[in-house]
Amino acid sequence: MGTRPLVGTLAAAALVLAGCSGTATDPGAQPGAGQADNRSDEQEVGPDADVGLDEGEAGVAPPMPVTPGVENLTGEVRDGVRVFELTASQFEQKIANFPVETAKVWGYNGSTPGPTIIANEGEEIRVEITNELPPTDPRGPSMPPGPSPTATTIHFHGTHMPNEDDGVAGISQPNPIPPGESFAYQFTPEHAGSFAYHSHTDGAVQELRGLDGMLLVLPSAVDPQERVDRDFVMTLQQFAPIQDGKLTDGVLVQPFPPGGEFPIDTINGVTGDASREPLTIREGKTIRIRVYNASNSVHSMHLHGHDFTVTSINGHPIAPPDRNEVTTREVGPGNFFEMEFTADNPGNWIFHCHFPHHTANGPFSGYNGAPVGMTRVFHYEGYEPVPQEYFEYEGPSGR
Ligand SMILES: [Cu+2]
C-alpha cells in the first residue's frame, strides 16, 4: 500500500465497476441478522426522508444511521474493496433562516458536513477524492498566504491506517492534492465505531470552512441488548459569513472572525429552525445520537426531558457498568461520541449546545424567543406538532 495518485487508474476502475452492484455486502447487512440484506438499497436520503420513522426491522437488525439533511454514502464494491467518491469544492449552502440564509462554504459532494461514509466492519475501503477547490487562495489580503494554492488532503480521524494514508499535509502526505487532481486513500478500519474525516491541510481554514464529515463502520454483529431503534448522525459546526464586520449572505465563511466569534452555530450544516422539520421519534424506543464536533469550540450538548447515556467515546464502546446517565455532556473539538436515550416522555424536546451564544446564535433568537442555533427538536409521533412558525421565522422584521 502506498500513496496512489488516481491519474491513469480511473478508466480501469470504471471498467471493473460496470455491472457490479455490490448489494450483497452493502453496509447495514448484518451477518446473522436475518433478511435485512437489502436495507441500504431502500435507504432514502435527504431532508424529507431522514426525519421519518425508519426503525429497521423490529427484533432483526438495527436501522441504518440517518444524517438529517445530509446524504449517506455507502459506496460500491469493486474488486472486493468498498469505494467512495468525494469531490471537495466551494458552494453556497443554506445555513440559517436569519440574519443570513446562505454562506459560501467548502465541503464534499456539495454539502458540509460532507456525506456520511458508511462501511462494514472488516471491509477494506478506498476513498477517492477529487480536489475542485478554488484554484486561488481566497483568504483575503489581511491573512497570510496558504498552501499552494488550495491543495488538500483527507485525514480519517480515529480509525488507524498505514502512515502513507494518514493525510497530514507536509508530514505523512508531503505533497497535498493540487486543485484539479485526484487521490485515493485505502485501508481497512481496525474496528467498528463512529469516526470522522476532515481535511488535514491548512486546517484552520479548510476544516472551519466545512471540509469534514463522519465515517461510520457498522459492526458485523450487534448484541440484541445494544440494538437501537433510531440512529441519528450529527456534526457540530460554526460559521462566520462576515464581510466588513457584518453578517452577509453568500459570503465566503471566514475562518478567523473578528473577536473569534462564530455567529452561526449549526448541526449538520443548518441551524435548528432552518432544518425545516423536527426529528420524529416514537414512545418506548431507544434513540442513538452520534455526535462529532468539527468546530473551533467545545460544545455542551444537553437533552431536555430525558437522561442520556454515553455508550461510546472516540469509536470505543463503554462497558455498560461504566456508563453514567447524564443530561449534559461537553464534546470537545475532534471528539466523537455515541449517546443513547429511551423515549419515555412524550413531547417536543430540544437537544442543543448549552453555551447560550450557541443555543441562540448570539443575539439572534427565533420565533417568540425560540432557540435557533446548534439545536434540534425531537418530536414524539402523535404529540402536538412543533409550531410551524418556528421553522418559518425570518427575524424580527422579516427579510
Ligand atoms: Cu456550543
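In what order do the five strands of the open sheet with β2 and β8 stand? The legends below begin with that sheet.

**View 1. An open sheet of five strands has the order β2-β6-β11-β10-β8, with mixed pairing.** The model is predicted: local features need pLDDT of at least 70, side-chain atom pairs count only at pLDDT 80 or more, and totals for chains, interfaces and linings use all residues. Residue numbers start from 1 along each chain as its sequence is written. Strands (E, at least two residues) are DSSP runs numbered from the N terminus, and two strands pair if DSSP finds at least two bridges between them. At the edges are β2 (72-73) and β8 (155-157), each of which pairs on one side only. Strands of a sheet pair through backbone hydrogen bonds, either parallel or antiparallel. Strands β10 (residues 193-198) and β11 (residues 212-218) run antiparallel and are joined by six bridges. One of these residues, His198, has Asp212 in β11 as its bridge partner.

**View 2. Phe195 is a residue of strand β10.** Phe195 is buried, because 23 other C-beta atoms lie within 10 Å; the cut-offs are 20 or more for buried, 12 or fewer for exposed and partly exposed in between, with C-beta atoms placed from the backbone. Its contacts (C-beta atoms within 7 Å), leaving aside neighbours within four places in sequence, include Phe156, His157, Leu215, Val217 and Phe336. Phe195 and Val291 are 96 residues apart in sequence, and their C-alpha atoms are 9.6 Å apart in space.

**View 3. A second open sheet of five strands has the order β16-β25-β24-β18-β22, again with mixed pairing.** The edge strands β16 (279-281) and β22 (328-331) each have a single partner strand, so one side of each has no neighbour in the sheet. Neighbouring strands of this sheet are turned by 25° against each other on average, direction ignored; the axes are lines fitted to C-alpha atoms, and angles run from 0 to 180 degrees between N-to-C directions. β18 (residues 299-303) pairs with β22 in the antiparallel sense over four bridges. His299 stands opposite Val331 in β22.

**View 4. The largest nonpolar core has 83 residues.** Such a core is a set of buried Ala, Val, Leu, Ile, Met, Phe, Trp, Tyr and Cys residues joined through C-beta atoms within 7 Å. Among the members that touch the most others are Ile117, Leu215 and Val291. Domain 1 (4-221) and domain 2 (230-392) both give residues to this core, so the core lies between them; the bounds come from an automatic or database domain assignment. Leaving aside neighbours within four places in sequence, Val291 is in contact with Met234, Leu236, Met301, Val331, Phe336, Phe337 and Met339.

Terms used: Two residues are in contact if their C-beta atoms, placed from the backbone, lie within 7 Å.
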